[in-house]
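Hi everyone, thanks for making time today. I'd like to walk you through one structure, starting with the overall picture and ending with some backbone details.

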Amino acid sequence: MAKYAIGVDYGTQSGRAVLVEIGTGREVATSVKAYSHSVMDEFLPDGVTRLEHDWALQHPADYLEVLGSTIPAVLNQAGISAEDVIGIGIDFTACTVLPIDENRNPLCFADKYKNNPHAYVKLWKHHAAQEEANRLNKIADERGDAFLQRYGGKISSEWLFPKLWQIANEAPDVYEEMDQFVEAADWVVSQLTGALKRNSCTAGYKAIWHKQDGYPAKDFFKALDERLENVVEEKLSRDIYSIGEKAGELTDWAAELTGLKPGTAVAIANVDAHVAAPAVGITEPGKLLMIMGTSTCHILLGEEEKMVPGMCGVVEDGVIAGFMGYEAGQSCVGDHFEWFTENCVPKACQEEAEKLGMNIHQYLTEKAGKLAVGESGLLALDWWNGNRSTLVDVDLTGVLLGATLQTKPEEIYRALIEATAYGTRTIVEAFRNSGVPIHEVYACGGIAEKNALMMQIYADVLDMEIRISASSQTPALGSAMFGAVAAGKERGGYDDIKEAAKEMARLKDVVYRPNKENATVYKQLFAEYTRLYDYFGRGENNVMKQLKAIKKASRKPIAAV
């Protein structure tokens with residue numbers, strides 16, 4: 001009889017469960033549940049408590065609803081018995097964190113705190129802790145703390161300590177009341193198993209934890225704020241569990257919620273991007289994975305810890321146990337193209353696309369595909385949403401160079417695609433120049449699956465072959481694989497993720513190979529991109545930041561109602 005594992009992928013707007021067959025990686029059934037409270041960025045659920053600029057919250061009850069809705073649904077769709085499901089894995093956006101009490105209950109569940117924004121989940125894109133992040137980076141830099149270099153020189157406002165410090169500053173009662181501050185990924189797993197275990201992936205990439213050195217020293221936290229001197233002991237934990245370990249087994253309560261059997265194995269939680277690597281067969285160094293969507297996350301394994309300029313992090317056991325896991329990223333990819341189609345495409349193009357039965361992206365892609373490399377005369381910097389890697393600067397903005405009165409929409413669209421490809425090549429070269437080899441490139445996500453032109457441009461710009469995930473739900477597949485590892489070989493699963501990847505990882509037959517003629521022209525264009533990149537990005541011309549400052553100063557205050 002076939003055995004199965006379930007992967008639950010928690011995204012920004014919804015959660016999905018995927019039922020996967022052990023041994024083949026075949027995705028048997030899928031169910032998606034939109035979060036009832038969505039992303040709260042204006043008001044709390046009471047409809048009265050207004051949130052300030054740059055806030056992004058979620059309600060933890062929505063995460064439990066996902067488990068109670070999607071898992072029974074996939075069992076019903078597939079018509080299989082819960083007895084045949086041997087393991088479950090969870091992945092999540094990160095850093096998505098919440099305060100809980102000593103019974104692992106979120107503080108926002110209590111009447112006392114239901115109208116306090118700081119009692120809710122702070123979503124990964126909650127950027128209201130920027131002031132705390134700036135102060136943390138300044139103090140760490142002045143002290144010469146070595147950990148900064150493992151994160152490209154800066155700790156993000158999206159990460160755990162700036163968010164926790166914001167609570168201490170703005171809601172000290174919530175800070176004092178919380179027993180622990182936890183990643184939502186670990187909290188959901190604790191709801192399944194009855195025990196809280198923090199995973200090495202979020203601890204390493206989002207909470208400044210290092211497998212050899214642990215967290216930063218107490219005197220660092222004291223230098224930030226005297227209240228934070230013992231923050232690790234008081235609000236976190238030094239017990240960290242590696243990706244690939246078993247977190248525990250389903251409790252009776254969790255079994256009733258999900259429709260699965262008590263005792264079903266549960267994997268240590270993971271992050272949505274990092275869990276995708278083994279799902280495309282990456283279990284060894286030298287293979288770069290691009291998870292491509294509104295933004296792009298780059299994941300790479302290495303054998304040694306190297307300091308790479310502008311990387312998002314390097315964490316031992318962060319992706320696959322036994323290796324260094326490197327992360328880099330681009331903060332504007334799909335969002336780039338969406339901005340262009342919503343703001344810059346003339347009505348005539350929209351109407352022509354409708355006549356042809358295409359959406360505007362398909363229409364522009366088809367027209368852009370007919371252009372020769374360099375034919376448009378355009379070059380762009382892909383900084384519409386700042387630069388994550390390698391400059392780590394949210395205040396950088398986009399550039400389009402070479403436009404004339406003859407420039408067409410499809411030419412700009414192609415230039416924006418090419419700009420994101422140049423951004424990826426910049427990241428690849430930063431890794432190589434720092435002694436971290438890249439021999440192969442893989443891609444997953446909606447863009448990789450649907451846009452052949454874009455993937456061919458990336459192959460030409462990188463001058464490398466690119467292989468594509470066969471799964472449209474790669475993170476969920478990866479989570480299911482870790483669920484199978486948690487179950488172990490005795491229950492019909494695997495003893496480690498490498499074994500699981502050999503049988504369950506899935507790639508499409510298509511391989512994008514570089515066109516040597518195109519690659520030659522792109523080498524010239526990339527050299528010009530690099531000159532612009534350095535000129536605007538490394539301080540020679542700070543016009544982007546000056547423009548932002550002028551814009552901010554020119555804004556008129558909103559009149560009181």
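So, how many helices and strands does the secondary structure of the chain come to? The chain has 19 helices and 22 strands, where helices (H or I, at least four residues) and strands (E, at least two) are DSSP runs numbered from the N terminus. Before going on: this is a predicted model, with local features needing pLDDT of at least 70 and side-chain atom pairs counting only at pLDDT 80 or more, while totals for chains, interfaces and linings use all residues. Residues are numbered from 1 along each chain as its sequence is written, and side-chain values use heavy atoms, leaving out hydrogens and water.

Now the overall shape. A compact globule of 561 residues would have a radius of gyration near 24 Å, and the chain agrees, at 24 Å; that radius is taken over C-alpha atoms, and the globule rule is 2.2 Å times the number of residues to the power 0.38. Along the principal axes, the C-alpha atoms fill a box of roughly 65 × 60 × 50 Å. Of the 561 residues, 57% count as buried, meaning under 20% relative accessible area, with exposed over 50% and partly exposed in between (1.4 Å probe, protein chains only).

Let's look at one helix. H13, residues 409–433, reaches 36 Å from its first C-alpha to its last, close to the 36 Å expected at 1.5 Å a residue; the expected span is 1.5 Å times one less than the number of residues. H13 is mostly covered, with 22 of its 25 residues buried. Just after H13, glycine 435 takes a positive phi of about 90°.

On to a loop residue. Arginine 50 sits between strand S3 (27–34) and strand S4 (57–58), and it counts as exposed because its relative accessibility is 62%. It touches Glu42 and Phe43, leaving aside residues up to four places away in sequence; contact here means heavy atoms within 4.5 Å.

Finally, the backbone. Most residues other than glycine have a negative phi, and most peptide bonds are trans. Here, the bond from alanine 94 to cysteine 95 is cis, with omega near 10°, and a cis bond also joins serine 389 and threonine 390, with omega about 20°. Threonine 390 is in the loop between strand S18 (379–381) and strand S19 (399–401). Valine 392 is also found between S18 and S19, and has a positive phi of about 50°.

Aspartate 317 has a positive phi too, about 65°. Is aspartate 317 buried or exposed? It counts as buried, because its relative accessibility is 3%.
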